[in-house]
Amino acid sequence: MKSALRRLVTRPGGYIPLIWLMLLTFCAAFPAVVATHEPNAADFTAILEGPSAEHWFGTDDLGRDNYSRLVHSSRTAVVAGLQAVGTALILGVPIGLFVGYAGGWWDRIVMRIVDAVFSLPGLILAFAIVAILGPGITNAMIAVGILFALRFIRLTRAMVLSVREEPFIEAAQLSGAPTHTILGRYLLPNMYGPLIVQTTISLAAVLLIEAALSFLGLGVQQPDATWGSMLRAARSLQRDNPITPWPPGLAITFTVLAFNALGDALRDVLAEGRGGRKKAARRGVAVGLAEDAAAHDHEHPSEEAAGTGTLLSVRNLDVTVPTDTGRARAVRDVSFDVQAGEIVGLVGESGSGKTVTALAVAGLLPRGLAVDPRASITFDGRQLVGMTESQLAGVRGTGIGMIFQDPTASLNPALTVGFQLAEPLRIHGGMTRSAAAERAAELLDRVGVANPRQRLRDYPHQFSGGVAQRVMTAMALASEPSLIIADEPTTALDVTTQQQVLELLVELCEDLSMAMLFITHDLGVVAEVCDRAVVMYAGEAVETGDVYGLFAQPCHPYSQALLASVPLLDADDDRLVTIGGRVPAPNEEFGGCRFANRCELAAEICEEGPVSLKPLEDEGRLSRCVLVDSAPANGGKS
Amino acid sequence: MTGAPNRADSPLLCVEDLVVEFRGGGLFSIGAEKVHAVRSISFVVGQGEAYGLVGESGSGKTTTGRCVLGLQVPTSGRIQLGSDDVVELRRRDSGALHRRIQAVFQNPVASLNPAMSVEEILAEPLRRLLGIRDRSAARRRSKDLLDEVRLPSDMLDRRPTELSGGQAQRVSIARALAPEPSLIVLDEAVSALDVATQAQVINLLADLRDETSVSYLFIAHDLAVVRHLCDRIGVMSTGEIVEEGTASAICHTPTDGYTQRLLAAVPVPDPTVKRVRHGLVNS
Amino acid sequence: MVRTFAYRLAAAVPLAVLVSFLAFGLVHLIPGSASETILGDGATLEAVAELDRQLGLDRPLHEQYWNWVTDAVRGDLGRSVITSRHVSDTLIERYPVTLSVAGGGLLVAVAIGVAGGTVAALRQGRLTDRLISLGTATGLAVPNFWVAVLLAFYVGVQLGWLPAVGYVGPTESLFEWVKHLIMPSIALGLGSAAVVARQMRGGLLDVLDRPYITAARAKGLRYRRVVVVHAMKNAFIPVVTVIGFQASVMLGGAVLVELIFGMPGIGVQVVGAVLSQDLPVVQGVVMVASLTVIVMNVLIDMSYAYFDPRVRLA
Ligand SMILES: Nc1ncnc2c1ncn2[C@@H]1O[C@H](COP(=O)(O)OP(=O)(O)OP(=O)(O)O)[C@@H](O)[C@H]1O
Ligand code: SF4
Ligand SMILES: [Mg+2]
């Protein structure tokens, strides 16, 4: 909380509204100090004067000083806001906490009523309540407070419900924490942020309602001034003195603006606090990009001469991402080829840069990520680096198909599957609507979806995960691509479904002679489907080669350790081999090998300078290690 | 663990004919269809035994685990912990239950309250379940717990958002160990971790069992992982245990068709036995 | 279509009943009785009791409620205690004006809000986005009655471009009707436009980050098509909810704004009735305004089905 406050007051969106609100509070507390005149002192010698040194904002029809009246009105605004929002908080938060946590019938009944009242016109209800209680600001504000309590009930309850499902609440129950502790220590602290934001926003809204009621003459009674009643008077006075509506109008606007801006700033600050404020690891030293750009320009690895059958060729791919310590390289100097008809695996731990590599190849990097222009990605003889978005769209639409990890999230929930399948056919293939539908049905049939014609009319949520992944596959096939990029296509599926989808993908590649770049973290899956594999670590490709060689005799110490740490079904009950430590983040720089801090073989030479991908004795294999340059006789499998 | 003694002769946890039904939600859904999450399962976990419950998503593993923890009231059936009934014990004295049964959940970071430090997280069970109110005593014990899960003691002042997945999961394990329970329910406790981290945590769990002779109810979908950690395995499918046996028996000589299919689908990290691309291997 | 409408309307009946409780409850929450209000401070106890009897205020509450509701359903909302006019007559005469203003305001809010929010999202982080952000922040803060006062004076009186006061019904002259509604609609709609724009911007940005958008781009579709065909419909779902809320805000605001533009809507009546505690009028207005919002919400609910197929089939 403290650091959030510091971050709040150091940004203009935070301190400017705070200064305004502090001024306002001061005016409300000591109006006599700030004002120049008695607010209600009539002076018939100075009626409806314009701005002057004596009367900064002029005078009204009774010769009262507008500026002083404005200052005195701030008290009404502040008091009204506090009354209403205070009432709302005192009523709303406990009720919300209670119904959210108690659930059941309490929850249903209270929320029905809240929803009902919430959907009614608020200002008109406020009128009704004023009609009962009689005009007067306190009455009105308590009424408004009751209405606003509904907002807090909803918010608190919604938060309780979402937090209540978090595993840490169950863990707290298991730790023996009683209900009131769970409410107070576990639920409330995780709700302060949204509650504070809602409070500032409510203050703004309350202020507007108070002004509206006063404007209608239902709030504070004459002769006391409020911003709303000053505006009301200004309606008839502006013809004679055009300045009159401006000071109260601006005062309301600025104050509401200040509350809203403060709310927004708070929301941002709190969101930042929640997001990855992970401490940069101690060991890594952040190095400027310019510095290692020099080191980066080393010679190309030996795959230089791409063979005739080469479909995709990636050379020295660097992708930079924004981090809290500036831009960092999430993918570093990655080079590999995919031959026509070949299945190449991209394997590595979470955060090793697999997805970023795949998206870079397809030109689909999210906002903020950028490919270093010195990299080269050639697909089917065309250089993709430097292409415009629409040129890339053309390449994607005709040569590359993509399949993603979460099939249900990758299908548009608002459009039928038939529409989504037919779309590329109509746009790239120029098919008519009915021809496209026909072809879409064929495609569904091809990927093994039963009743393809009927299912075209269905929406994605009507498909199970496995079938949805078949639909995604059909979509990738629509443009008759020569390369499929599949990013963890089976990670979200159960093992048996995974096997079926893998079989389908392999069969399709063989039948349609497509190549596939297959991304996974599962070495078992790599062994099952790939011809060759690229092992990635901390943004780098550390070893590439044919799967038989790679699995039988992994060369790079990381590949060895990774393979040894996989639990096996038919193992004797050996302890698993583990790698200590964790994968470094993109913004952690090391002088030498990026695996050195976890490598058992690490020696001084490893830290001397960047290590490049070098060919090994075995043909077609590359490894990024200074010490190991040949495959061990007996690889990682001891 | 091949040839490990079947420790079920001295049962710690005894689940008998457990049935759990859910009603479809909604306000006016009285006549709605019942969902049988668990249909009559029975199994026994022995003293110091690691029992694995495997199955695909929706097979009822998690619901079973929640019943054992007293977080879910069964529709029928009995769950005995030693000589006590879990449902009964939970109602009478939930503290007494949770001194004996603890849990580690799947999502490492979400299992820790983001508003508390690691020290506070570990102090909670120490204070509530063991009555250790003295701060410095609790801190000393917390350091020991971190040491047990191989974490440096300077982690005490960290907040959950500042931990990696593997570290967060170790903190969860430390919290579960705090009251020195006799049973820990591990619900997909290593599924969200990377291979390398997963291997670390699996080894840690195996060591802890040797050191403290705690029992595990290990719930997971990955047979290979379960096989590494457990003495016996129950295979669940649509709310029933279709096959049960020692880990090596289940993995080497499965008799049930579903178990066989499940085993056949586990990818093997060895291209010479690959089945998906066998066309290529043969050619 | 009509059947779903009827069905959903029927489902809203409990809400309408709740509203009728609230409206009816008004009379009984007030300190003193309606009769005292009518007869004024100097009334004798006997006179008050007599009037109570005449008005049926001496009967048990549930009986009174039943009589009131059955009358209300028949279209009889009672008489004003001040003017003795039938409340329903007043409403029939004046409510269409208020509805016109509210409708105009909603139109402004949706048109400006959706367009502004979309442009801001597509230009995220650039100058256009910042300017629109500034605009929405201001729009949220400026009181609509102030805008109305300024517009009426500067555009209406000083420039004389549009009528500063009055109202002409659409049956009399469609052109004049529109002309008279322009300024009130803008004054009323700007604030809500800001709310809609913010939601539109946030919703669209959120949707543009979803995997299915990447998947659509992976099919080789142009970005413009991805936005229009794949993103807009999904982004609109939360916007529809916001528009629903704004509809009820508009109705309250219309009362204020029409007052400033001297339009013969329910505004004057309501304010007068509130000041003089003329409860039958307040009751009637609360009832009618609430029912309007309820019907509006039913329509909004139905439009979800268009944007979100999960709703349709659930
Ligand atoms: N949009 C982004 N903004 C900033 N950093 C990003 C972004 N996307 C990815 N990164 C960073 O780039 C690195 C590589 O991420 P990537 O998603 O490619 O890993 P991955 O190998 O696909 O991992 P996983 O197995 O978890 O999918 C990570 O450190 C990640 O934090
Ligand atoms: S270069 Fe050194 S530290 Fe890096 S992998 Fe090779 S042996 Fe290990
Ligand atoms: Mg990924």
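Two strands are taken to pair if DSSP finds at least two bridges between them, and helices (H or I, at least four residues) and strands (E, at least two) are DSSP runs numbered from the N terminus. On that basis chain A holds an open sheet of eight strands in the order β7-β8-β9-β3-β10-β11-β13-β12, with mixed pairing. The model is a predicted one, in which local features need pLDDT of at least 70 and side-chain atom pairs count only at pLDDT 80 or more, while totals for chains, interfaces and linings use all residues. Residues are numbered from 1 along each chain as its sequence is written, chains are lettered from A and ligands numbered from 1 in the order in which they are written, and side-chain values use heavy atoms, with hydrogens and water left out.

**Sheet of chain A and make-up of chain C**

- The edge strands of the sheet are β7 (400-403) and β12 (614-615) of chain A, each of which pairs on one side only.
- Strand β7(A) runs parallel to β8 (residues 483-487) of chain A and is joined to it by four bridges, with A:Ile400 standing opposite A:Leu483 in β8(A).
- Chain C has 14 helices and zero strands, and its C-alpha atoms fill a box of roughly 85 × 55 × 35 Å, taken along the principal axes.

**Interface of chain A and chain C**

- In contact (heavy atoms within 4.5 Å) are 70 residues of chain A and 67 residues of chain C.
- The two chains bury about 5,900 Å² between them, 70% of it on carbon and sulfur atoms, where buried area is the accessible area (1.4 Å probe) that two parts lose on being put together, summed over both.
- A:Ile124, A:Ile132 and A:Arg367 supply 11% of the area that chain A buries against chain C, more than any other three residues.
- Four salt bridges (a side-chain nitrogen of Lys or Arg within 4 Å of a carboxyl oxygen of Asp or Glu) are found across the interface of chain A and chain C, and A:Glu389 forms a salt bridge with C:Arg217, the closest N and O atoms being 3.3 Å apart.
- By class, the side of chain A that touches chain C has 46 nonpolar, 16 polar and eight charged residues, with Ala, Val, Leu, Ile, Met, Phe, Trp, Tyr, Cys and Pro counted as nonpolar, Asp, Glu, Lys and Arg as charged, and the others, Gly among them, as polar.

**Interface of chain A and chain B**

- Here 69 residues of chain A are in contact with 65 residues of chain B, and the chains bury about 6,000 Å² between them, 56% of it on carbon and sulfur atoms.

**Surroundings of the ligands**

- Of the 14 residues around ligand 1 (a heavy atom within 4 Å), A:Ser350, A:Gly351, A:Lys354, A:Thr355 and A:Val356 come nearest.
- An oxygen atom of ligand 1 lies 2.5 Å from an N or O atom in the side chain of A:Ser350, and a polar side-chain atom of A:Lys354 is 2.9 Å from an oxygen atom of ligand 1.
- The residues of the shell around ligand 2 divide into eleven nonpolar, one polar and no charged, and they include A:Cys593, A:Cys599, A:Cys606 and A:Cys625.

Technical notes:
Polar contact = N/O pair within 3.5 Å; in protein donor to acceptor, adjacent residues only side chain to side chain.
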